[in-house]
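User: I am new to this structure. Please take me through its nonpolar cores and its salt bridges.

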Amino acid sequence: MNVSPILISIKTAGIAILITFFLGIALAQWVASLKNERLKMVLDGILTLPLVLPPTVAGFFLLYIFGVKRPIGKFFLDYFSIKIAFSWGATVLAAVVISLPLMYRSARGAFEQVDENILNAGRTLGMSEWKIFWKLKMPLALPGVASGGVLSFARGLGEFGATAMIAGNIAGKTRTLPLAIYSEVAAGKMEQAYGYVAIIVIFSFVVVLLMNYFTMSGQRKRKK
C-alpha cells in the first residue's frame with residue numbers, strides 16, 4: 001500500500017484544524033456578540049453555506065477565486081510566486097472551507113449555552129471581556145468546542161469534492177485518502193482500496209468515540 005495518501009491526508013487535516021479551530025472560535029464569538037439580528041442572520045448564512053452546498057460547487061468557487069488566471073490566484077503567483085490551485089496548499093484550503101462551518105456552528109452553539117449570569121458575575125468583579133472569555137466562557141463551553149474540533153478534523157480528513165476541484169488528484173502531491181480510494185476503484189485495484197477504506201473507517205470510529213466523550217463530559221458539567 002502506498003502510504004503517501006495517508007501522510008498527505010493527516011498533514012492536510014492537521015494544518016486545516018489548526019486554522020479552522022481558532023478561526024471558528026473567533027467567528028462564533030464575534031457573530032454571537034452582535035446586537036443586530038439581521039446582520040447576525042446574514043453572516044450566519046454566509047459562514048454556514050459551505051456546509052449545505054455540494055462540495056464540488058464549493059470547490060468550483062474556490063477554483064474560480066484562486067485559479068492562476070483569477071485576480072487572487074494571479075496576485076499570489078505574480079507577487080509571491082505561490083501557485084495555489086493544484087498544489088498541496090489547495091488541499092488545506094479546501095479542507096478549511098468545508099470544515100469551518102462545523103467548527104463555527106459547534107462553537108457558537110456551545111457559547112450560547114453558557115449561563116449569562118456567570119459572565120455578568122465576572123463583569124461585576126471587574127474582569128475584562130478578554131478575561132471573561134478565556135477564564136469563564138471558554139472553559140464552560142470547552143466540551144462543545146472540542147467536539148466541534150474533532151468533527152471538523154474528521155471532515156477535513158474525508159474531504160473529496162472540493163479537493164478534487166481546487167487541488168486535483170496528483171499522486172504524491174494532492175492525492176488524499178478519499179481521492180486515493182476513488183483512484184484505486186477506478187483502476188480496478190480493489191485490494192488497495194480496501195486498505196484505504198479500512199483506515200478511513202478506523203479514523204471515523206475514533207472520531208465518534210471522541211465526540212461521545214466530549215458530549216458526556218459536557219452533560220456532566222451541566223449537571224454539576
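User: Which residues touch the most other members of the largest nonpolar core?

Analyst: This is a predicted model. Its largest nonpolar core has 21 residues. Those that touch the most other members are Ile-25, Tyr-104, Ala-107, Phe-111, Met-138, Ala-141 and Val-145.

User: Which elements give two or more residues to this core?

Analyst: In soluble globular proteins, nonpolar side chains tend to be buried together. Here the elements that contribute two or more residues to the core are helix H1 (4–33), H2, H5 and helix H7 (129–157).

User: Which residues does Met-138 touch, not counting those up to four places away in sequence?

Analyst: Met-138 is among the residues that touch the most other members of the core. With residues up to four places away in sequence left out, Met-138 touches Ile-25, Phe-111, Phe-133 and Val-145.

User: How many residues are in the second, separate core?

Analyst: The members of this second core include Phe-66, Ile-84, Leu-93 and Ala-167. Its size is 12 residues.

User: How far apart in the chain are Arg-108 and Asp-44?

Analyst: Arg-108 and Asp-44 form a salt bridge, with their closest N and O atoms 2.7 Å apart. Arg-108 lies in helix H5 (residues 88–112) and Asp-44 in helix H2 (residues 37–52), so the pair links distant parts of the chain.

User: Are Arg-108 and Asp-44 buried or exposed?

Analyst: The cut-off for buried is under 20% relative accessible area. Arg-108 has 14% relative accessibility, so Arg-108 falls below that cut-off. Asp-44, at 15%, does so too. Arg-108 counts as buried, and Asp-44 counts as buried.

User: What separates Glu-112 and Arg-108 in helix H5?

Analyst: The side chains of Glu-112 and Arg-108 meet in a salt bridge at 2.8 Å, N to O. Glu-112 is partly exposed, at 47% relative accessible area. Because Glu-112 and Arg-108 are 4 residues apart in helix H5, the separation is about one helical turn.

User: Which residues do salt bridges that share partners join into one network?

Analyst: The model has 8 salt bridges. Arg-108 has salt bridges with Asp-44 and with Glu-112. The network joined through shared partners is Asp-44, Arg-105, Arg-108 and Glu-112.

Methods
Residues are numbered from 1 along each chain as its sequence is written. This is a predicted model: local features need pLDDT of at least 70, side-chain atom pairs count only at pLDDT 80 or more; totals for chains, interfaces and linings use all residues. Side-chain values use heavy atoms; hydrogens and water are left out. A salt bridge is a side-chain nitrogen of Lys or Arg within 4 Å of a carboxyl oxygen of Asp or Glu. Buried means under 20% relative accessible area, exposed over 50%, partly exposed in between (1.4 Å probe, protein chains only). A nonpolar core is a set of buried Ala, Val, Leu, Ile, Met, Phe, Trp, Tyr and Cys residues joined through side-chain atoms within 4.5 Å. Contact means heavy atoms within 4.5 Å.
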